[in-house]
Amino acid sequence: MLTTEPVYARLDRAEPELWAAMRQAQPNFFLPFDRAGIDPFTQRFPVTLRLEGTVRGTGGLRLVDGTCATAVPGLFAAGDAATREPICGGFTGGGSHNAAWAMSSGHWAGLGAADHARALGTRALGHGTRTLRRAGGAGLQDGPRGGHCGAIDAGGLTRAVQAEVFPYDLNYFRTEEGLTGSLGRLDRLWAAAAAAMPASADTVLRVREAAAMLATARWMYRSALARTESRGMHRRIDHAALDPAQRHLLTVGGLDEVHVSTRPAPVRADRAEAGRELAA
């Protein structure tokens, strides 16, 4: 119904004596209603789907060990930036797993980063002794091909990416045809962004945010094409069944040329054991 008409809800089956307890148990849930002046127990409110990108535990930076280190030496990830797949696989909720992961991974990543810095020694941390190299440069002064096209319109690029990832028919009800069509348009947007003139000091932050959205959309749809099944929060209309032969993880990367590779899924008895292994 969401694709053709508005959907509304009302918490009218909750008995009045439970209202205070519900507010106390989930105060964040009621905050938007209070701000909008809506009583959800007596008034209707609209219901829709919100795209949360890779922040629901189904994606993020790949962790290589229990310190929350990534494949980039010295880079540690935590919370929504890091994948929660080690503890909950390809699906997660909005509460317990996410909150526990945010606190735990932040602690582990902080310890790991501190240990890494100590191992480098004070001399290695001095000015000019280490060379950092970034992978991308869209919109930056020293971008790899910058200057061949006009400057990036951050708002326009953001809206163009949203037009490919917001529609339910493209992102929620996924098909090879829909994903391939979106990727063609996203790839053209990336080619233009990579060849654009450098952004000004006033616009560079928004430009880089828009470029990050574009890169993430291309990674997301490339990996979605590679998974020809429905698993976790990934739904393929043309491959609606779960495929036991695809019980593996997908790693995606690259900018101009996006690549997808498979990794064996860790064999664990249960999720509790997975959490203990990551914490070890």
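Let me start with Ser105, which is buried, its relative accessible area being 0%, where buried stands for under 20% relative accessible area, exposed for over 50% and partly exposed for what lies in between, with a 1.4 Å probe and protein chains only. Before I go on, please keep in mind that this is a predicted model, in which local features need pLDDT of at least 70 and side-chain atom pairs count only at pLDDT 80 or more, while totals for chains, interfaces and linings use all residues. Residues are numbered from 1 along each chain as its sequence is written, and side-chain values use heavy atoms, with hydrogens and water left out.

Ser105 sits in helix H4, residues 96-124; helices (H or I, at least four residues) and strands (E, at least two) are DSSP runs, numbered from the N terminus. Neighbours within four places in sequence aside, Ser105 is in contact, meaning heavy atoms within 4.5 Å, with Cys68, Ala78 and Gly79.

Cys68 belongs to the loop between strand S2 (45-47) and helix H3 (85-88), and Cys68 is buried, with a relative accessible area of 0%. The phi of Cys68 is near 65°, a positive value in a residue other than glycine. As background, most residues other than glycine have a negative phi.

Now to a pair of helices, H5 (residues 154-165) and H7 (residues 176-194), whose axes come within 10 Å and cross at roughly 165°; the axes are lines fitted to C-alpha atoms, for helices over the stretch in contact, and angles run from 0 to 180 degrees between N-to-C directions. That crossing angle makes H5 roughly antiparallel to H7, the term for angles over 145 degrees.

Which residues of H5 and H7 meet? On the H5 side they are Leu157, Ala160, Val161 and Glu164, and on the H7 side Ser182, Arg185, Leu186 and Leu189. These residues divide into five nonpolar, one polar and two charged, where Ala, Val, Leu, Ile, Met, Phe, Trp, Tyr, Cys and Pro count as nonpolar, Asp, Glu, Lys and Arg as charged, and the others, Gly among them, as polar.

Asp169, in helix H6 (residues 168-172), is exposed, with a relative accessible area of 55%.

Finally, strand S3 (residues 248-253) and strand S4 (residues 259-264) pair in the antiparallel sense over six bridges, pairing being counted if DSSP finds at least two bridges between two strands. Leu249 has Arg263 in S4 as its bridge partner. S3 and S4 form a hairpin with five residues between them, and Gly254 in the turn has a positive phi of about 95°.

Conventions: Parallel < 35°, antiparallel > 145°, perpendicular 65-115°, else oblique.
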